[in-house]
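Q: I'm new to this one. Can you walk me through the structure?

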Amino acid sequence: MKAAFYTLGCKVNQTETEALSGIFRGGGYEIVPFEERADVYVINTCTVTNMGDRKSRQIIRRAIKINPEAIIVVMGCYAQIAADEVSKIPGVDIVIGTQDRGRVLELVEEVREAHRPLNVVRDSWQGVSFEELPLIEQESRVRATLKIEEGCNQYCTYCIIPYARGPIRSRPPENALSEAAHLIEAGYKELVLTGIHTGAYGADLGLDLNYLVQRMAVLPGLRRLRLSSIEPVEITDELIQTIVANPTICRHLHIPLQSGCDRVLARMHRPYTTQKFAAVVERLREALPEIAITTDIIVGFPGESETDHQASLEFARSMQFAGIHVFKYSPRAGTPAAGYPDQVRPEVKEHRSKDLIDLARLSWRRYADNFIGQTVEVLVEQATKPDEWEGHTDNYLRVRFRAAKDLRGCLVTVKLDKALKEYLQGIYMEMPRGGG
Ligand code: 5AD
């Protein structure tokens with residue numbers, strides 16, 4: 001039997017897909033590329049924007065077309081929010097949502113025997129706990145994503161995710177730490193902590209993210225620990241001190257700004273002002289001068305005027321982000337902002353998005369230029385062409401360099417030479433002691 005997977009959306013989805021592919025492998029399935037003919041297709045969907053919905057439907061149809069006889073499993077946020085719509089797509093056999101993912105093999109067997117589709121989506125806010133899925137193991141063994149938290153209670157007015165994922169559930173620290181130890185043992189050099197609202201880790205257990213990070217950062221053999229998205233109000237002095245004190249923790253934080261205009265932030269229900277955001281960034285840079293700060297910004301939120309947009313752009317410029325992910329506001333049915341009267345026209349969103357994408361490029365370049373001439377440590381992820389390798393520094397600079405040996409998965413020393421469009425070109429120096 002063969003199974004194939006497709007993941008849309010975020011890092012959490014990626015880890016969940018990997019865990020499921022482990023379940024199938026454990027059940028005797030061979031995992032094949034999505035474009036190949038398989039007996040089961042699993043599509044892990046996204047609904048954060050309208051684009052997520054559309055792409056999810058497209059991929060579902062593609063799987064059905066590749067093999068109309070296959071069992072089609074649709075899971076994840078879009079499946080959770082639009083379970084009926086998804087189960088009505090002819091050819092879809094199993095709709096899972098954001099719980100009970102671990103039961104997937106059992107459900108496939110059930111469909112095979114009963115020859116009728118199953119929809120097991122249930123209320124994401126009723127009687128839920130953190131769903132432990134089996135250990136992930138990717139072949140690359142370079143960087144692994146570790147899910148430590150599920151759900152979000154924040155209810156930003158634009159966001160559908162709390163409805164799709166349910167409330168905050170933190171993974172018990174012992175489980176997170178033991179999975180981390182396993183991954184290190186298996187040879188992974190970098191662990192990336194992830195969740196739906198990662199910075200809220202521990203709120204339901206009487207703990208906090210700093211507690212877990214402090215314990216994880218000192219696991220024997222760990223080379224790099226990366227925190228992913230974290231809210232400005234969650235960056236405490238203690239957490240900053242933990243990053244300073246532990247060189248294994250990457251000097252990189254993704255801090256979603258969403259808007260650089262206070263009027264818009266308030267209407268989004270974001271719990272900070274631009275002034276507070278700037279103060280957090282300043283504290284971080286004082287403690288960690290070379291830290292990379294990346295962000296998400298939404299353009300065209302209802303009521304965002306041209307003046308608001310210019311303010312947002314100006315504030316984003318002043319923050320000197322190392323990277324900006326730009327999102328065009330997408331009304332999500334059931335969220336408050338979708339009902340706001342002053343929706344922004346698509347062509348205006350398009351225009352504002354271009355402004356921010358231009359800024360993102362300039363801002364990255366400005367950050368990257370600081371490192372020209374420096375010697376840095378790169379974790380090698382892949383070959384980009386024969387004898388050319390690519391990887392990231394701890395502060396998330398993408399680096400390419402030439403070397404005539406297989407360096408995948410190695411931590412190597414590279415002297416940065418020049419910044420090109422999206423990456424830095426460097427000169428391979430050597431492999432530091434214990435770097436292999
Ligand atoms: N429209 C556009 N972007 C959105 N995001 C969340 N909800 C929406 C929406 N309705 C963006 C936010 C978040 C990222 C993961 O997706 O910027 O940080």
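A: One definition to start: strands are DSSP runs of E with at least two residues, numbered from the N terminus. Also, this is a predicted model.

Q: Okay. Where does Ser 124 lie, then?
A: Ser 124 is in the loop between β6 (118-119) and β7 (143-147).

Q: Is Ser 124 buried or exposed, and why?
A: Buried means under 20% relative accessible area. Ser 124 has 3% relative accessibility, so it counts as buried.

Q: What lies 2.7 Å from a polar atom of the side chain of Ser 124?
A: The backbone oxygen of Tyr 163.

Q: New topic, the ligand. Which residues surround it?
A: The shell is Val 48, Thr 49, Tyr 158, Gln 258, Asp 296, Ile 298, Phe 327, Lys 328, Tyr 329, Ser 330 and Arg 332.

Q: How do the residues of the shell divide into nonpolar, polar and charged?
A: There are 5 nonpolar, 3 polar and 3 charged residues.

Q: Which strands each supply at least two residues of that shell?
A: β13 (292-299) and β14 (323-328).

Q: Which polar side-chain atom lies 2.6 Å from an oxygen atom of the ligand?
A: One that belongs to Asp 296.

Q: And what about a nitrogen atom of the ligand? Which polar backbone atoms lie 3.0 Å or 2.8 Å from one?
A: At 3.0 Å from a ligand nitrogen there is a polar backbone atom of Tyr 158. At 2.8 Å from a ligand nitrogen there is a polar backbone atom of Ser 330.

Q: How much of the ligand's accessible area does the protein cover?
A: On its own the ligand has 400 Å² of accessible area, and the protein covers 86% of that.

Q: Back to β13 and β14. What sheet are they in?
A: An open sheet of 3 strands, in the order β12-β13-β14, with parallel pairing. Its edge strands are β12 (252-254) and β14, each of which pairs on one side only. Neighbouring strands in this sheet are turned by 15 degrees against each other on average, with direction ignored.

Q: How many bridges pair β13 and β14?
A: The two strands pair over 6 bridges, in the parallel sense.

Q: What does Asp 296 stand opposite in β14?
A: His 325. Asp 296 is also the residue with a polar side-chain atom 2.6 Å from a ligand oxygen.

Q: What holds paired strands together, in general?
A: Strands of a sheet pair through backbone hydrogen bonds, either parallel or antiparallel.

Q: Which way do the residues of β3 point?
A: Val 40, Val 42 and Asn 44 point one way, while Tyr 41, Ile 43 and Thr 45 point the other way. All of them are buried.

Q: What does β3 pair with?
A: β3 pairs with strand β1 (residues 2-7) in the parallel sense, over 5 bridges. There, Ala 4 has Tyr 41 in β3 as its bridge partner. β3 also pairs with strand β4 (residues 71-76), again in the parallel sense, over 6 bridges. The bridge partner of Ile 43 in β4 is Val 74.

Q: Now the barrel. In what order do its strands run?
A: The closed barrel has 5 strands, β15-β16-β17-β19-β18, and the pairing is mixed. From one strand to the next, the twist averages 50 degrees.

Q: Tell me about β16. Mostly covered or exposed?
A: Mostly covered: strand β16 (residues 388-392) has 5 of its 5 residues buried. Glu 388, Glu 390 and His 392 point one way, and Trp 389 and Gly 391 the other way.

Q: How is β16 joined to β15?
A: By 5 bridges, and strand β15 (residues 375-385) runs antiparallel to β16. Val 380 stands opposite Gly 391.

Q: Last one: how do β18 and β19 pair?
A: Strand β18 (residues 411-419) and strand β19 (residues 424-430) pair in the antiparallel sense over 6 bridges. Lys 415 has Ile 427 in β19 as its bridge partner.

Technical notes:
Residues are numbered from 1 along each chain as its sequence is written. This is a predicted model: local features need pLDDT of at least 70, side-chain atom pairs count only at pLDDT 80 or more; totals for chains, interfaces and linings use all residues. Side-chain values use heavy atoms; hydrogens and water are left out. A residue is near a molecule or strand if one of its heavy atoms lies within 4 Å of it. A polar contact is a pair of N or O atoms within 3.5 Å; within protein, one must be able to donate a hydrogen and the other to accept it, and residues adjacent in sequence count only if both atoms are side-chain atoms. Accessible areas come from the Shrake-Rupley method with a 1.4 Å probe; for residues, only the protein chains shown count as cover. Helices (H or I, at least four residues) and strands (E, at least two) are DSSP runs, numbered from the N terminus. Ala, Val, Leu, Ile, Met, Phe, Trp, Tyr, Cys and Pro count as nonpolar, Asp, Glu, Lys and Arg as charged, and the others, Gly among them, as polar. Two strands pair if DSSP finds at least two bridges between them. Axes are lines fitted to C-alpha atoms, for helices over the stretch in contact, and angles run from 0 to 180 degrees between N-to-C directions. Buried means under 20% relative accessible area, exposed over 50%, partly exposed in between (1.4 Å probe, protein chains only).
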